[in-house]
Every structure is written in structure tokens, then in C-alpha cells.
Number of protein chains: 2
Amino acid sequence: MNAIIISIGDELTSGLTINSNAAWLGRQLADLGISCPLQLTVGDQRAAIVAAIHHSAALCDILLISGGLGPTEDDLTRSSVADALGEPLVQDQAAMADLETFFKRINRTMTENNRLQAMRPLSASCISNSCGTAPGIMARLGKTQIFVMPGVPREMKAMFELSFKPLLQAAGGGVVRRIMALNICGAGESWIGSRLADLMKRGTNPSVGTTVHDGIVSVRIYAMGQPAEVHTMITEKAEIVRHRLGELIFSTDQVTLEEVVVQNLLQQGRTVTTAESCTGGWVAMMLTNVPGSSACFKRGWVTYSDESKAAELGVDPELIKTYGAVSREVAAAMAQQARRRAEAHWAIAVTGNAGPANDDLKNPVGLVYIAIAGPNGGDDVYVRSCQFPGDRQSIRLRSSQMALTLLRLKLLGLDPEAVLPR
Amino acid sequence: MNAIIISIGDELTSGLTINSNAAWLGRQLADLGISCPLQLTVGDQRAAIVAAIHHSAALCDILLISGGLGPTEDDLTRSSVADALGEPLVQDQAAMADLETFFKRINRTMTENNRLQAMRPLSASCISNSCGTAPGIMARLGKTQIFVMPGVPREMKAMFELSFKPLLQAAGGGVVRRIMALNICGAGESWIGSRLADLMKRGTNPSVGTTVHDGIVSVRIYAMGQPAEVHTMITEKAEIVRHRLGELIFSTDQVTLEEVVVQNLLQQGRTVTTAESCTGGWVAMMLTNVPGSSACFKRGWVTYSDESKAAELGVDPELIKTYGAVSREVAAAMAQQARRRAEAHWAIAVTGNAGPANDDLKNPVGLVYIAIAGPNGGDDVYVRSCQFPGDRQSIRLRSSQMALTLLRLKLLGLDPEAVLPR
């Protein structure tokens with residue numbers, strides 16, 4: 001069983017509104033085990049809507065349409081569906097009564113335009129709208145079942161949940177889809193892809209794919225089957241991926257990198273501090289995003305200038321003079337000094353050149369040193385040099401994520417050099 | 001001239017990712033006066049992609065395709081375009097050289113998968129990617145010009161702007177749409193809407209609308225016409241809006257709040273420091289987002305705990321004991337002390353409860369005090385109490401934006417109480 005989604009509205013095709021309805025419906029279909037190989041977005045033009053319905057109905061069992069059911073001139077879905085069916089529009093008595101009740105309840109006069117909303121193609125039926133005026137429409141074109149919903153997200157979602165989802169569940173034969181995401185920071189998508197190539201072959205179930213969002217790569221495992229079996233299918237595949245990628249995986253599903261780090265710190269009863277140059281507070285900002293982080297993060301510094309590294313952290317100015325602020329030595333000293341001053345177990349320090357231009361000392365854009373000073377004091381400091389691609393924003397984000405990744409690995413007692421690819 | 005947009009990826013059809021690329025491209029086309037009656041979203045299936053290309057090419061002059069150009073098994077756009085053209089894939093020498101240079105620059109080994117990205121259909125050409133590895137593709141199918149871009153939004157946008165937009169501009173001829181955004185921080189969308197209601201009537205040209213994105217309200221003025229006239233049309237309407245909203249407007253178009261603040265500081269030869277509690281480094285992070293900010297921002301503190309406010313900034317512990325850390329008095333002291341310690345002209349301090357729960361002293365979630373200490377020293381400190389709605393993330397963002405807004409107004413010599421609505 002497969003479905004196509006048609007979204008209707010000039011505000012969508014002209015990009016004024018991002019089409020989140022289609023994404024929501026796509027997710028609902030996927031979870032019901034109904035494949036959705038195609039989505040269409042069509043402007044407010046009757047001929048184009050009719051063409052899209054004909055084109056889609058020839059390709060699918062289920063056609064979900066949203067938008068264009070309102071009371072104004074540019075709401076053309078109702079008449080377009082009638083055209084596609086080759087039928088006239090007739091007034092639906094029950095829908096008309098619903099509309100009258102609705103307007104009585106909110107104490108407004110119903111306009112002539114509103115009456116149009118009670119019209120439906122002759123062979124179709126109206127579906128009541130639990131939170132708005134426009135009823136939905138259910139119709140059949142050949143072998144294709146058509147469900148039409150309003151475009152207002154709240155109304156669309158309520159109508160789908162109440163009226164259409166139960167029908168689709170029954171029709172779907174109990175098959176469901178489940179997804180697990182394994183999240184990775186510190187290795188690129190192509191590096192990960194090359195390690196999972198055999199798992200990522202098309203047309204398998206469970207299937208494996210990768211996505212990247214804001215520097216985090218997610219390996220996604222999709223399983224389709226009976227509710228009782230999908231969990232096992234996913235877990236088994238996840239075991240294989242875990243075996244290949246090991247400690248590179250920092251979380252599953254929605255859990256963020258900063259949540260994992262804060263959680264580990266809290267579990268171990270440890271604290272952390274930050275001394276940031278090129279990330280300018282981003283690492284501290286990420287840590288403090290996590291509710292409860294105040295128990296493990298008490299203070300941090302943004303030491304952007306050379307002077308502040310000396311004055312606030314106590315980094316030896318001679319060290320900066322000798323090696324430059326962007327250096328392995330200064331990163332290490334920043335972390336060690338910050339750790340001491342904050343009386344924290346761990347310290348993160350970041351110093352680098354986020355661009356846009358090479359700096360005074362000819363350090364290339366994207367060169368960043370990240371240091372992690374550990375609870376054993378003295379020599380317990382690890383520094384990684386990184387060369388990040390992209391613009392200033394992206395270098396700063398990746399630096400911050402890498403800093404948290406390095407701390408995460410150290411908290412697990414691991415050597416980042418052994419875990420992270422170069 | 002008309003265009004169709006095809007977005008490719010299972011993450012889109014299954015609703016994992018909301019298709020913001022299609023909206024962005026739709027807006028670009030609208031700005032170029034090119035109509036876009038249809039958008040398609042297709043999953044990672046070669047036959048479906050080929051069918052979508054054939055179907056679209058028969059209907060349009062311009063076909064924009066994004067996604068599926070990556071180096072992994074599920075990136076099928078390259079081979080699908082070749083299939084649609086009925087041509088084999090061949091290696092593009094220039095693209096291959098670009099890839100080699102890219103990997104050399106970031107000091108990584110190129111995998112075999114990456115090499116696939118330099119393949120193109122025989123008659124097509126490769127378009128270089130200014131911020132990633134996957135080159136774009138330009139091809140012709142019958143009368144239809146096909147432009148293929150990566151799915152990563154940043155890469156897609158850069159490639160469209162640099163390589164495809166100039167071609168479309170030349171082809172478009174005549175009418176263009178221009179937009180000006182006037183950006184506001186510190187007043188809500190409905191408050192602004194009520195002041196511009198008469199300008200926001202539908203069906204006018206130029207037209208006026210409002211959008212909200214991440215706490216920033218933008219008043220958008222759209223004008224459609226010949227290139228020579230749209231500028232005047234927009235400027236005249238903008239004058240009216242400026243007259244109504246005055247100093248609430250911090251910038252036009254893409255200029256960010258932090259850029260305006262840094263620019264003003266640099267122009268005045270002034271410096272700023274930050275002392276942040278609930279925002280946890282976010283204000284510093286925003287300031288240091290701006291290239292060149294190192295000339296006006298030297299250091300900042302994240303003083304998350306009471307102890308750190310005393311130890312690092314020198315806030316009197318008695319003050320914290322008497323009024324609590326979330327108070328007008330402590331905010332003022334944090335700013336004054338930070339300013340003194342950093343030897344800066346200005347200081348921003350933020351202390352509040354970002355949630356998720358009311359704190360020990362029963363301060364409600366969303367209560368935030370923001371202080372601005374000024375160059376006159378001593379009593380030159382302004383504190384604003386704010387009650388922000390939303391979740392932790394949103395309270396922290398709005399606090400950071402309000403802090404920058406207050407500094408912006410102070411730098412203009414204005415009283416925030418007189419400018420910002422309550």
C-alpha cells in the first residue's frame with residue numbers, strides 16, 4: 001500500500017510558508033507502514049490541482065490532500081476534486097448543519113462564502129472538522145481513496161488523527177514502521193558511510209541511512225513489520241552498527257551531545273569549567289542548555305584577547321609570546337589554569353582561528369586546538385589539533401561539538417586519538 | 001517562464017526533515033519573477049526520481065533539483081539524472097581536481113565514495129561547490145534547463161546564489177519582486193501588527209506583512225514591477241513603517257542584531273564585556289559570531305553559581321544573600337563589577353530563571369534581570385526586568401537578544417524604557 005501527499009497553496013509554492021504539513025503527514029504514513037514515494041505541492045490554480053490529482057491517483061492507493069478548503073476566492077480544492085472526479089458539487093446537509101451550529105456557538109453571522117464550505121462532490125462524503133469551519137472530504141477515484149483536509153496545521157492534524165488514521169490503520173494490515181537514530185560527532189558522513197556501505201544497500205528491511213544536521217551525523221535504522229517484531233529488527237541492526245562504530249556513537253534518537261555530557265558528569269559527581277577563545281562562549285552555552293547543568297557547571301571564561309588569557313586564567317604571557325595564542329601549548333595552559341581557578345574536576349579550553357581570514361601569525365582559518373584537563377591535575381591534559389572546514393559559524397559550532405565530544409570520551413576513560421578518525 | 005522544484009530524499013518524504021529547501025528556492029524564483037506552479041518531493045528511489053524528472057521536464061522551462069548528491073549509497077540523483085537523459089556517467093576532470101584540493105586542504109584522505117561525486121552525465125557540466133564536496137550539475141533535457149544542487153541547505157544556497165541565479169536573472173527578463181525586511185527586537189508581532197494594520201491590507205503592491213523567526217519580528221515589504229521602479233516603491237513604504245516604529249527597528253534585511261551592536265561599538269571605539277548567569281555564554285557567543293568583534297570584546301564571564309559571581313566578578317555575597325541571585329540589585333552589581341574588572345566601557349549582565357522549574361527563591365520561570373553598565377561608571381547602570389514566555393531554550397535566546405537590544409539603545413543614547421513597549 002502506498003500513498004501520495006498533495007499540499008495546496010500559493011504560500012507554499014512561493015516559499016512564504018515552509019511546508020511542515022507534508023512532513024507531518026509523511027511521518028504519520030511511515031509510522032503506519034504506508035510508503036510515500038512522492039509528495040506534490042501545487043499553487044492555487046484549478047487546472048494544476050486537477051492535473052496533480054489525476055497524476056497521483058494513477059500511482060497510489062491513498063491520496064492525502066491538504067489546503068485550499070477555506071471560504072475565500074483562492075480556495076479551489078473542493079471544486080478541483082469535483083472536476084477530477086467528473087462530478088458536480090452538491091450541498092451536504094449534515095455539513096451545513098454543522099456550520100450553522102459552529103457560527104451560532106461563536107456568535108457570528110455566517111457569510112455566503114462560508115456556505116461554500118458545505119459543498120462536496122456528488123459521490124464524496126464530508127468529514128467534520130473538530131476545530132474549524134472547513135469540513136474534510138472523502139472520495140474514491142478508481143482504486144484510489146482520497147482524503148482531503150484543511151491546510152491549517154492544527155485542523156489538519158486533528159482531522160487526520162480522528163477520522164483518517166483509524167481507516168488507514170485498518171487498511172494497512174497492522175504493519176508499522178519504527179526508526180532508531182544513532183548519533184555521531186567527530187567523524188564525517190562519508191567516513192561513516194564507507195564503514196556501513198554493505199548495510200546501506202537499497203531495498204532492505206531494516207534499512208540503514210545517514211543524515212547530517214548541524215554537524216551531527218545520524219545513522220538511521222528503519223524497520224517495517226508487525227509491532228511485535230520491529231523492535232527486535234531494529235535492535236539487532238543497531239548492534240551491528242554499534243559494533244562497527246563503537247564509542248563514536250554518543251546517543252540514540254533525540255538525546256543531544258550536551259545532554260550526554262552533562263548526564264555523565266552528574267552520574268560521576270564531577271564538575272567542568274570552560275575557557276573559550278574562538279568559540280566565544282558557545283561551549284558554555286551548550287552545557288547550560290541542559291536543565292540541571294548548574295550542578296556540574298559553575299563558571300566559565302570567555303578569554304578572547306591575549307591579555308584576558310593571562311589576567312583571568314593566569315596563562316603565562318611568555319607562553320603566548322613564544323607559541324602564539326593559537327597553539328597546543330596555550331590550549332593546554334588555558335585548560336589547566338581554568339580547572340585550577342574554578343576548582344573543577346575537568347576543564348575544556350578552545351583556541352583557534354574561526355576566520356574569516358588567516359590571523360596575524362598566519363594560522364589558517366579553521367585551525368583549532370582543543371584541550372581537556374583532567375581530574376589528575378598536573379600533566380593530565382590532552383590536546384587535539386583540528387582543521388575544520390566551512391565558514392566562521394560552522395567552525396565555531398564544530399569546535400564546540402568536538403570539545404564536548406573529547407570530554408565525553410575522556411569521561412568514559414577512552415583515548416580520543418584511538419576512537420576518532422583523522 | 002516557469003519552473004518546477006524537485007527535492008530528493010527519504011528523510012523528506014518520511015517527514016524526518018521538513019523541506020525548507022523547496023520553500024527557499026520557491027522564494028528565490030518568486031523574487032526573479034519566475035512562476036513555480038509545482039514542487040515535487042521524491043524518496044531515494046531511482047525509478048521514482050527518473051519519473052519525476054521526465055514528468056516535470058515536460059511541464060517547465062527550468063527544473064531545480066536539490067538533494068541526493070552525497071557520497072553514500074542512498075545518494076541517487078546523479079545516476080537518476082543520467083538515466084533521465086539516457087546518458088552514461090563520466091568522471092569530470094575539473095570536479096575531481098577540486099575534490100582532491102578540498103581533501104588536501106582539510107588534511108583528510110579522500111575515500112572511494114567521495115570520488116563518485118565527480119561523476120556527471122556525459123552531456124552535463126559540473127558546478128563547483130564553494131562550501132562542500134558535492135559538485136552541482138547543469139544539464140539540458142529537451143527545452144528544459146536542469147540545475148542540480150546538494151541538499152545541505154548551506155551548500156544549496158551558496159551554489160544557487162553563485163552559479164544558477166545569475167543565469168536565471170538573465171533568462172527571466174522584465175518583472176522582478178523585491179523584498180525589504182525591517183527587523184525588530186523587543187516588541188511582539190501582534191503589537192507591531194496593530195500599529196501597521198492599515199498597511200497590511202491584502203492585494204496591494206507594495207504589500208506589507210510580518211514574520212517571526214527565532215524571536216526577531218520582521219516587517220516585510222514586497223514590491224513587484226520593473227527593476228527601475230521597485231526600489232522606489234519599497235523605499236517609500238519603508239519610510240512610513242519607520243515613522244511608525246522608530247528606533248525599534250534595528251536593521252534591514254539580513255543584518256543581525258549582533259552585527260549592529262558590534263558595528264556601533266567599533267564606530268564609537270568602545271568595548272563591552274559580559275557577565276552571564278542564565279544565558280550561560282549565549283550573549284558572548286552572539287557577539288563573537290561577528291567577524292572583527294575581537295576589537296570590542298576582549299573577555300566575558302559565565303558566572304552560573306552564586307560563588308562564582310562573588311569569586312570572579314567580586315559581587316558582594318551579602319547582596320546575593322539579601323536580594324537573591326535573580327534580582328535587580330545583583331544584575332546591576334554583576335554589570336558594574338564586570339565592567340570594572342574587564343576595563344571595558346560597557347558591560348552586559350544577565351541573571352534570571354530559565355526554567356524548567358521555579359527556583360529555590362520561588363522566582364517564576366522566565367523572570368530575567370538584564371543590566372547595562374555604562375561608560376560613566378558609578379551609578380551609570382540600567383536594569384530591566386523581563387518576563388519571557390516559552391521554554392528554557394526560548395527564554396535564554398530572548399534574554400540574550402534583549403540584552404543586545406538594551407545595549408544597542410544605550411549606544412544610541414536612548415532610554416530603553418521610552419522605546420520598548422511593556
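User: Which residues does Ile6(B) touch, not counting residues up to four places away in sequence?

Analyst: Ile6(B) touches Leu40(B), Val42(B), Ala52(B), Ile53(B), Ser56(B), Leu63(B) and Ile65(B). Two residues are in contact if their C-beta atoms, placed from the backbone, lie within 7 Å. This is a predicted model, in which local features need pLDDT of at least 70 and side-chain atom pairs count only at pLDDT 80 or more, while totals for chains, interfaces and linings use all residues. Residues are numbered from 1 along each chain as its sequence is written, and chains are lettered from A and ligands numbered from 1 in the order in which they are written.

User: Why is Ile6(B) called buried?

Analyst: A residue is buried if 20 or more other C-beta atoms lie within 10 Å of its own, exposed if 12 or fewer, and partly exposed in between, with C-beta atoms placed from the backbone. Ile6(B) has 25 other C-beta atoms within 10 Å, and therefore counts as buried. Ile6(B) lies in strand S1 of chain B; helices (H or I, at least four residues) and strands (E, at least two) are DSSP runs, numbered from the N terminus.

User: How far apart are Ile6(B) and Ala52(B) in sequence and in space?

Analyst: They are 46 residues apart in sequence and 7.7 Å apart in space, C-alpha to C-alpha.

User: Which residues of H3(B) are buried, and what puts them on the same side?

Analyst: Ile49(B), Ala52(B), Ile53(B), Ser56(B) and Ala57(B) are buried in H3(B). They cover an arc of only 120° around the axis, so they lie on the same side of the helix; the arc is that of the directions from the helix axis to the C-beta atoms. Their packing partners in chain B include strand S1 (2-8), strand S2 (35-42) and helix H4 (77-85).

User: What makes the buried residues of H10(A) line one face?

Analyst: Helix H10 of chain A, residues 257-268, has Leu257(A), Glu258(A), Val261(A), Val262(A) and Leu265(A) buried. Seen down the axis, these buried residues fall within an arc of 130°, so they line one face of H10(A). They pack against strand S12 (249-252), strand S13 (272-276), helix H11 (282-288) and helix H15 (392-411) of chain A.

User: Why are S10 and S12 of chain A said to stand at the edges of their sheet?

Analyst: Two strands pair if DSSP finds at least two bridges between them. An open sheet of 4 strands has the order S10-S11-S9-S12 (chain A), with antiparallel pairing. Strands S10 (207-213) and S12 each have a single partner strand, so one side of each is left without a neighbour in the sheet.

User: How does the radius of gyration of chain A stand against that of a compact globule?

Analyst: The radius is taken over C-alpha atoms, and the globule rule is 2.2 Å times the number of residues to the power 0.38. A compact globule of 422 residues would have a value near 22 Å, but chain A has 29 Å. The C-alpha atoms of chain A fill a box of roughly 85 × 50 × 40 Å, taken along the principal axes.
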